[in-house]
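Thanks, everyone, for making the time this morning.

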Amino acid sequence: MEETHTEVLVIGAGPTGLFVAAELARHGVRARILDQCPVPHTQTRATGIQPAALEVLHRAGLAEAILAESVPVRGLRVFNHRMEEAFLAGGPAAGTPFNYTCSIPQWRTEQILTAHLRSLGGEVERGVTAERFEIGAEGVRVEGVDARGGAFAIHADYLIGAGGAHSPVRNALHERLAGITYPRRYLVADAAVRGVPHEGDRLAVAISPRGMVMVAKLPAGRSLVLTNLPDEVEPGESPGLDDLRRALAHQLERTFEVEDVRWASVYRTHRRMSPRFADGRCFLAGDAAHLCSPLGGEGMNSGLMDGASLAWKLGAALRRGGRAALLAAYEPERQQVARQVLASSEAMHDFYFGLAEMAAAGQSLTVPPPDPTREVATPDMLDLALHESPLLGFHGSALGVQTLRPGRRFPARTRLTGCEHHLLVYGAEADGDRAALSARWAHCLTVLDGEGICPPEQSGVSARGAVLVRPDGYIGFQAETWNAEARAAFERLFATQFSPA
Ligand SMILES: Cc1cc2nc3c(=O)[nH]c(=O)nc-3n(C[C@H](O)[C@H](O)[C@H](O)COP(=O)(O)OP(=O)(O)OC[C@H]3O[C@@H](n4cnc5c(N)ncnc54)[C@H](O)[C@@H]3O)c2cc1C
């Protein structure tokens with residue numbers, strides 16, 4: 001049996017695995033990445049890339065390639081079952097250069113990620129199935145079957161399970177995706193659609209007494225059509241145009257035209273999460289760790305964000321003097337985010353089926369009042385927070401502007417580049433400190449004049465404060481006023497995360 005060694009092994013080359021491998025390469029770590037499929041799939045699946053994910057892709061140097069190949073979606077247009085407009089909801093996102101969702105088939109996103117990974121020196125090893133895992137304190141031994149049918153063994157210092165909902169790594173950790181499966185089945189299809197008004201680039205959703213039909217524009221005149229199926233309908237193994245037409249006729253009194261179905265699938269949706277996202281040197285990311293209702297359009301996005309989070313922590317641990325605290329924070333941070341994503345996806349799910357209940361009761365469709373018992377993140381994913389993270393710190397008497405506390409997204413994060421942390425210091429008198437600080441932490445920190453990036457109020461600090469921005473664009477530390485005490489507090493915190501030069 002062929003035996004090899006690698007620093008980091010990624011199992012699964014879906015969007016999560018591809019992005020984590022590419023981000024690791026950007027952080028200076030050449031990971032191996034395996035996928036059991038001999039060739040990439042051509043399925044449309046998850047099509048919406050949200051503003052927050054675009055910001056993360058921008059830091060990785062990828063947003064522009066995705067935007068060039070996608071079409072914009074700005075808000076929602078809700079119709080009744082006669083395709084008469086009921087109301088508009090949502091619109092452009094605020095406070096981001098990427099103020100809309102972009103719509104692109106998943107296979108194309110994966111092609112772009114694969115090309116990006118290749119440009120950084122990485123290549124997916126295809127037709128390679130990981131089967132057995134021996135997990136030890138110093139690393140993991142993975143055995144499986146390669147593309148020629150031969151047995152292989154890889155010793156990896158770190159293992160990333162990005163194998164999707166049936167993740168073999170999660171199974172090896174004896175964890176399962178705990179949660180619920182939602183009651184309905186859905187038919188989703190990539191089709192040519194005529195007669196759906198998409199003015200203003202809005203996502204079209206028709207509500208009927210039986211459920212909903214969503215039509216999302218895709219590039220090249222295509223659309224993703226998604227509808228819940230009646231329980232009694234049993235489409236064949238490979239659903240097609242007739243199944244789609246029947247499903248639409250079941251929902252809508254006046255339907256629209258569909259033809260040329262290139263891909264279709266029937267599936268169930270879930271709200272599920274693994275109790276563990278990490279165990280020693282093994283990490284779970286993407287669908288391997290959490291599943292949410294696709295009606296929120298967040299599942300693939302949160303996988304991409306898991307990838308970015310894990311890559312900077314592992315990159316720091318392996319290349320920039322990062323301490324164990326960084327990797328230990330992956331699980332609590334991403335679980336906190338996953339809980340928010342599962343809740344906000346469920347809120348969108350309930351929003352659509354709440355409207356269907358209104359329709360079934362013969363009421364006209366109006367925007368339902370917000371549920372005060374439910375605190376959910378916005379669908380643009382910009383307000384996802386990780387303020388339970390053990391990596392955060394604050395120095396001062398008050399938390400500045402409350403919404404901009406450590407653990408929140410730094411609003412100007414797209415103005416920062418590179419792999420390291422950035423400390424933005426405001427006020428000229430801080431200049432003397434900068435050289436000493438920069439020298440001590442040169443391998444992992446860039447110290448900048450904050451005014452050159454954004455005004456202090458956008459950083460949530462005073463005109464003489466400071467803010468630490470992490471490589472994933474989250475605020476890691478704030479000093480209301482940057483002085484000797486604040487610097488000492490910052491260095492105490494930072495020294496728990498990095499060794500000094
Ligand atoms: C039929 C279908 C329709 C969907 N439709 C939608 C939708 O409309 N909207 C939406 O938001 N989301 C949708 N999704 C979900 C979306 O596709 C996922 O959220 C997304 O793909 C998750 O990415 P991932 O990289 O975490 O996992 P995946 O994309 O599942 O990738 C996992 C990869 O791991 C590989 N792998 C698994 N086991 C092994 C092994 N033992 N050895 C080697 N490789 C392995 C697999 O071949 C696969 O390529 C759909 C999913 C499916 C399957």
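Predicted model: local features only at pLDDT ≥ 70, side-chain atom pairs only at ≥ 80, totals over all residues.

Around the ligand, the residues of the shell divide into 14 nonpolar, 14 polar and 3 charged, where Ala, Val, Leu, Ile, Met, Phe, Trp, Tyr, Cys and Pro count as nonpolar, Asp, Glu, Lys and Arg as charged, and the others, Gly among them, as polar. Residues are numbered from 1 along each chain as its sequence is written.

Which residues come nearest to the ligand? Of the 31 residues around the ligand, these are Gly12, Gly14, Gly164, Gly286 and Pro294, and a residue is taken as near if its C-beta atom, placed from the backbone, lies within 6 Å of the molecule. At least two residues of the shell come from each of helix H1 (15-26), strand S2 (32-35), strand S9 (129-135), strand S16 (257-273) and H7; the helices (H or I, at least four residues) and strands (E, at least two) are DSSP runs, numbered from the N terminus.

The axes of H1 and H7 come within 8 Å and cross at roughly 30°, the axes being lines fitted to C-alpha atoms, for helices over the stretch in contact, with angles that run from 0 to 180 degrees between N-to-C directions. H1 and H7 are therefore roughly parallel to each other, given that angles under 35 degrees count as roughly parallel, over 145 as roughly antiparallel, 65 to 115 as roughly perpendicular and the rest as oblique. On the H1 side, the contact is made by Pro15, Thr16, Phe19, Val20, Glu23 and Leu24, and the residues of H7 include Met300, Gly303, Leu304 and Asp306, contact meaning that the C-beta atoms of two residues, placed from the backbone, lie within 7 Å. By class, this contact of H1 with H7 has 10 nonpolar, 4 polar and 2 charged residues.

H1 also packs with helix H4 (residues 106-119), at an angle of about 20° and with their axes 9 Å apart, and H1 and H4 are therefore roughly parallel to each other. Here Pro15, Leu18, Phe19, Ala21, Ala22 and Ala25 in H1 meet residues of H4 that include Gln106, Thr109, Glu110 and Leu113, and the contact has 8 nonpolar, 4 polar and 1 charged residues by class.

Returning to H7 (residues 299-319), its axis and that of helix H9 (residues 330-360) come within 11 Å and cross at roughly 165°, and H7 and H9 are therefore roughly antiparallel to each other. Among the residues that make this contact are Ser302, Met305 and Asp306 of H7, with Tyr330, Glu333 and Arg334 of H9. By class, the contact of H7 with H9 has 6 nonpolar, 2 polar and 4 charged residues.

Finally, the domains. The protein chain is divided into domain 1 (2-70 + 103-179 + 271-348) and domain 2 (393-495), with bounds that come from an automatic or database domain assignment, and their C-alpha centres lie 29 Å apart. Across the boundary, 12 residues of domain 1 are in contact with 9 residues of domain 2. The largest share of the domain 1 side, 5 residues, comes from H7, and the residues of that side divide into 3 nonpolar, 5 polar and 4 charged.
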